[in-house]
Amino acid sequence: MIRIKAGVPRGATPRTHAREPVRAVPPPGRRGGRLRLGFARVLRGAGPRPGLTRRLRRRGREAGLGPGGPSHGSERPPLRRALTLGLPTAWGALAISYRMVCPLAQQDGLGARIATSAVFFAVGTGLVVHVRGALLRELRQIRKVAGAAQSVLLRPLPPRIDGLGLAATQLSADRGATVGGDLYEVIATEHGVRVVMGDVRGHGLGAIGTVAAVLGSFREAAHDEPELGGVLRRLDRALARHLRERARGEHPSSGLDTDHPVAEDFVTVLLLEIHPDGEVYALNCGHPWPYLLGTGRVAPLASADPLPPLGPFPLPAALLAEACGQLLPGEGLFLHTDGAEDARDSRGRFFPLLPALAEAVHERPVMPEAVLRAVLAGLLRHTGGRPVDDVALLVLHNDRRRVPLHQGHGVSRHLPYGR
């Protein structure tokens with residue numbers, strides 16, 4: 001083992017002269033061994049040997065251990081960045097050269113002044129166009145990155161999950177954003193297809209952190225918890241942790257107390273569980289009940305009073321999912337946030353959601369995409385294309401077909417479509 005005597009830093013208490021072991025390094029004859037040995041001396045405080053600094057830098061670049069090496073090749077400015085800086089410099093140099101060298105620019109006649117003004121106008125126009133193009137490229141890149149991040153948070157739903165057709169959309173109150181304070185997710189689990197629809201207090205980009213906390217917890221709990229009540233408790237705990245961390249980050253010395261603004265935040269949540277036979281169970285915490293859709297028929301799925309929203313109030317000791325009947329083949333469910341019902345036009349009138357749904361399924365089968373387009377188009381017309389609150393819409397359709405059992409049995413069973 002190679003031993004190196006550590007130097008004494010300036011101002012430190014002298015230590016014994018015992019040599020301290022360091023990590024074994026390759027012998028100096030091996031490529032890179034002397035380099036690593038020199039780095040070890042520097043780290044131990046002894047400093048490199050005289051004349052070694054230049055060799056260390058050169059070999060570091062060759063081995064990719066320092067600036068300019070292979071590991072830092074991606075940090076070199078690309079050609080586009082060089083052009084971004086070079087073209088404005090060239091335009092400026094051209095204008096200065098014309099002013100200082102060209103004889104026409106030295107004259108005081110009207111024609112000379114017009115020519116000089118034209119040259120500088122062309123240079124200025126070129127600079128403006130160049131800067132505008134660079135800004136547009138940066139904006140496109142930023143939008144691309146933001147779109148990728150938003151799609152990970154509120155990922156697009158597939159057209160079908162476990163025999164259920166799906167269609168969903170969301171409108172954010174913040175211009176340019178596709179994610180706001182509303183959330184939804186549909187997951188096929190061994191306990192059935194589980195659905196969450198929620199609405200965070202507030203709207204726009206400020207509510208994304210709470211949306212991420214609730215959705216992340218649901219995506220895990222939906223698979224782990226055998227009962228729907230267990231999923232709701234996991235969401236409640238995740239929200240409480242998020243609010244505590246948020247309050248601690250905003251006011252490290254205050255914590256989360258009842259007078260803190262973060263303590264007043266809440267989330268309305270609707271949980272659904274759809275079994276393979278079409279039986280629907282629900283837990284509702286302050287969220288609007290979904291509508292049951294049939295051919296020419298729209299009705300609320302349930303009429304029971306919901307629980308309080310998550311956040312300000314503790315959950316009851318017993319959480320029993322409410323049985324909401326059976327979703328038959330060909331029927332659908334329309335889930336929404338209160339931004340759809342509370343949307344107003346310029347005269348202050350609320351959006352007629354129930355008549356819009358009735359019109360969407362009037363004398364025609366329930367098709368998720370068609371229902372979603374009809375309701376969304378009516379909502380945008382009603383609000384003039386600019387809703388003041390986040391809106392989330394989700395349509396589920398039972399695409400499973402009813403297959404009769406052998407003759408002599410008076411019941412039927414549901415199988416997923418295409419199985």
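Buried means under 20% relative accessible area, exposed means over 50%, and partly exposed lies in between (1.4 Å probe, protein chains only). This is a predicted model, where local features need pLDDT of at least 70, side-chain atom pairs count only at pLDDT 80 or more, and totals for chains, interfaces and linings use all residues. Residues are numbered from 1 along each chain as its sequence is written, and side-chain values use heavy atoms, without hydrogens and water.

Start with the charged pairs. Side chains of opposite charge can pair when their charged atoms come close. A salt bridge is a side-chain nitrogen of Lys or Arg within 4 Å of a carboxyl oxygen of Asp or Glu. The structure holds eleven of them.

One joins Arg 234 to Asp 224, at 3.6 Å from N to O. Arg 234 sits in helix α7 and Asp 224 in helix α6 (residues 208-224), ten residues apart. Helices are DSSP runs (H or I, at least four residues), strands likewise (E, at least two), numbered from the N terminus. Arg 234 is partly exposed, at 21% relative accessible area. Asp 224 is partly exposed too, at 46%.

Now find Glu 185. Its salt bridge partner is Arg 155, with the closest N and O atoms 2.8 Å apart. Glu 185 belongs to strand β5 (residues 182-189), while Arg 155 is in the loop between α5 (110-153) and β3 (160-161), 30 residues apart. Glu 185 is buried, at 2% relative accessibility, whereas Arg 155 is partly exposed, at 38%. A network of salt bridges links Arg 155, Glu 185 and Arg 219.
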